[in-house]
Amino acid sequence: MTALALPGRTGTGLTGTGELARLAFRRDKIGLPAAVYVITVAVAGQAYTLKKLYPTASSRAALAATGGTNPALNFLYSRMFGTSIGSIVTWRYGMWAGIFAALMTIILVIRHTRTDEEGGRAELVGAAAVGRQAALAAALVTTAAAAGALTVLLCLVLPFTGLPAAGSALLALAVGCCGLAFAGIAAVAAQLTSSARTARGIALAALAVAFVLRGVGDAAGASGPSWLSWTSPLGWIQFTQPFAARHWWVLVLPLAVAAAGAALAFALAARRDLDAGLLPDRPGRPAASVLLRGPSGLAWRLQRGALLGWATGYAFTFAACGAAAKGIGQLFGTSSALEHEFTRLGGQAAITNAYLAALMLLAGLVAAAYAISVIGRMRTEETGETAEPVLATATGRVRWALSHIGVAVVGAALLLAVAGVATGLGYGLRAGSAGTEVARLTGAAMAQLPSALALAAVAVALLGLAPRASVAAAWTAMGLVVLINLFGQALQVSHWVLDISPFTHAPKLPGGSVAAAPLLWLCLAALALAAAGLSGLRRRDIGLAFQAGVTNPDS
Amino acid sequence: MSNAIEVRALHKSFGRTVALDGLDLEVRAGEVHAFLGPNGAGKTTTLRILLGLLRADGGSATLLGGDPWRDATALHRRLAYVPGDVTLWPGLTGGEIIDLLGRLRGGPNPKHGDAKRRQALIERFDLDPAKKARAYSKGNRQKVALIAALASDAELLLLDEPTSGLDPLMEAAFRGCVTDERQSGRTILLSSHILSEAEALSDRVTIIRAGRAVETGTLAEMRHLTRDLVDAELAGPASAGLLSLDGLAGVHDLVTDGVRVRCEVDHAALNEVLARLTTVGVRSLTCRPPTLEELFLRHYSSERAVAGAPG
């Protein structure tokens, strides 16, 4: 590079990328390795357990014949190719490892692009000798490194559980590439809006769409729209068939999505102003409407956009999944062994109900995640110091908290109602009994509400009693519940562990029976946890918890 | 009731960091009280304790006759607060936030909706209320918080470095507002490290350093403790023997340069100094009290020099 040139002519748009990537690694030096480690350990640990559960070829063949063709399970996991232990691991955890890898890359990309920009740090950095594209490039480098580390680690660890090395490598690559594909999608999302929260929402919505497309495609069977799975990055993991046909070329698809996403993001970033999204901010009301009154009005105003997005996503997802339920039982009956298994499971009605019940469980889990994100918003308001002006008015802490808790409760209930109605319409319209199905499935969805609220109440308790760790701990609890309810039974963990999750106690509807006692207990537990959290909130300091000797307590 | 705020021996630590170390603060009803100190002295921590956001580890604090922790909600109806670093909800407009904060203050006398006052303040501070907070500069965010506070009818205003983001024009508007508010009988606690601001606005001053009040009183009282600055141009050489200010008690930091003499003089010694200067003959003379800046700098640095003392 020449020693002297006009300012702005030295270097390229990528000047400073290395420094910024180093900074990103420095900021994520704990979180990033932890995420990689947790995903690896989860997959490897479960591979090891599955090997012990299905030691013989015949036991695996039986599993493939029953579970591997069960549409409800295929919806939740993926399709099964082959009957080796590796095939079972891929079926059960391949796609979910991809989801966790995608969550990791989405969070990383947004955190190092739009979040920095919104927080004003990008301005400080951009004023230094740093290229216009450097922040995005550094975020992508960091994320690619994380996905790469995950791939390498899986590649090294999986063979130790007894899986063939070549298949392990392909599975690891498929998971890593899935993460990269969603890094590309997140990079585009970060360019679209000026709010990091919305950008993350867009990328997560893309992940949800990918899950639904693959789920419907996988559950549909040969007679249905099974090609849908090919439209989803989450579906590509299974199609690599790491322990069967080993289609290495499938990896081209996620890599192409990643490259296209990155290229589009760079093109968009080159054309827009700092802090701007693609849509310019329009002026708003010069005065507050009557709705913006009191803490509840504020909480609603802050959260209504997100809730609307979630509800829309729920409506489409569950309508599609409900429509896919029609004809699910007809997939069976090609062999006498299957027919036998089929009747043992309860025939077509029972299979359909099992599928619908799995959908309702999913609706409940995601509604709980929504509620936790709403509760987490309180901590964001607190550390972002927007809680301070509210609490400096005649608004007590409990009232402030209740306003957000109210949004969480009403929002979760609304989402579940939408899930029930949409599934009922999707299934009922095709089955010709929309009225009864809507009623039946709305009830089934609402039966998940106490469990979702119990989990949200854990988040409230954490907020009040352990504020600094509250957000991370609440999401950890959420992750544990997902693991327990989606994989616990298959891993034959003890009842004691299964019972930890509130969703274990929710009625399995439709098809199951309803007992009032567990629902009542769940509600009581939720109330007790929330009360504990609120009393903790009343007692503790508000604001950033100052770390001893690190943070300046003044200003 | 004579004191709006009474703080005695207040202690607050964050882990091993001591933020407040026995702070005393007394703000009389109806006065503008400046709360001065360098960054990190504990000003914001004090305000947050007074707002009931933080709980004191020791000592007592009384705000408008109530306990700021226990009676927080009731007390907050009677006060308005402007944080030092104003953060707003990015998706809401300035106008919405002003209205919202007024409504949240609410309480028994809901005259906060005084639209005329709100409009006058928006014009006075030249704010565009239809803009989203995301698009506001630091100064504009500060204006939003200031307008929300000033538009209220709270009897006590807690302002934490309220002008740190304002331009000189807006700073003048702010000073005008504070003067108006004092005349209408409001109590104002103004935390600041901008000393000219405190000098122009406040009735009394408390200087805080490392979590302790090191000085409190009116500016006149403080100057009483201090020296005047004398700067004279003489008819003859300043080194003339008959001047001999050198050894005189009460004369400090003497600088002579040809016919110029500069020194700091205790009030008690002023008469003698002037008498000796006139014996040589005076061509020009200025004698003025120190600015708060000088006073503060000296106080702060001398305190630092004897840092061995507790606190």
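Visitor: How many residues of chain B are in contact with chain A?
Guide: In this predicted model, 48 residues of chain B are in contact with 39 residues of chain A (C-beta atoms, placed from the backbone, within 7 Å). Local features need pLDDT of at least 70 and side-chain atom pairs 80 or more, while totals for chains, interfaces and linings use all residues. Residues are numbered from 1 along each chain as its sequence is written, with chains lettered from A and ligands numbered from 1 in the order written.

Visitor: Which element gives the most to the side of chain B that touches chain A?
Guide: H3(B), with eight residues. Strand E2 (17–28), helix H1 (43–50), helix H2 (72–76) and helix H3 (94–105) of chain B each supply at least two. Helices (H or I, at least four residues) and strands (E, at least two) are DSSP runs, numbered from the N terminus.

Visitor: What is the order of the open sheet in chain B?
Guide: E11-E12-E10-E13, four strands with antiparallel pairing; a pair needs at least two DSSP bridges. Strands E11 (251–257) and E13 (282–288) of chain B are at the edges with a single partner strand each, so one side of each has no neighbour in the sheet. Direction ignored, neighbouring strands are turned by 15° against each other on average.

Visitor: How many bridges join E10 to E12 of chain B?
Guide: Seven, between residues 227–234 of E10(B) and residues 260–266 of E12(B). Arg227(B) has Asp266(B) as its bridge partner in E12(B).

Visitor: Which helix lies across E10, E11, E12 and E13 of chain B?
Guide: Helix H9 (residues 270–280) of chain B, running at about 5° to E10(B). Axes are lines fitted to C-alpha atoms, for helices over the stretch in contact, and angles run from 0 to 180 degrees between N-to-C directions.

Visitor: What pLDDT does chain A average?
Guide: 86, with 91% of the residues at least 70; pLDDT is the predictor's confidence in each residue, from 0 to 100.

Conventions:
Two residues are in contact if their C-beta atoms, placed from the backbone, lie within 7 Å.
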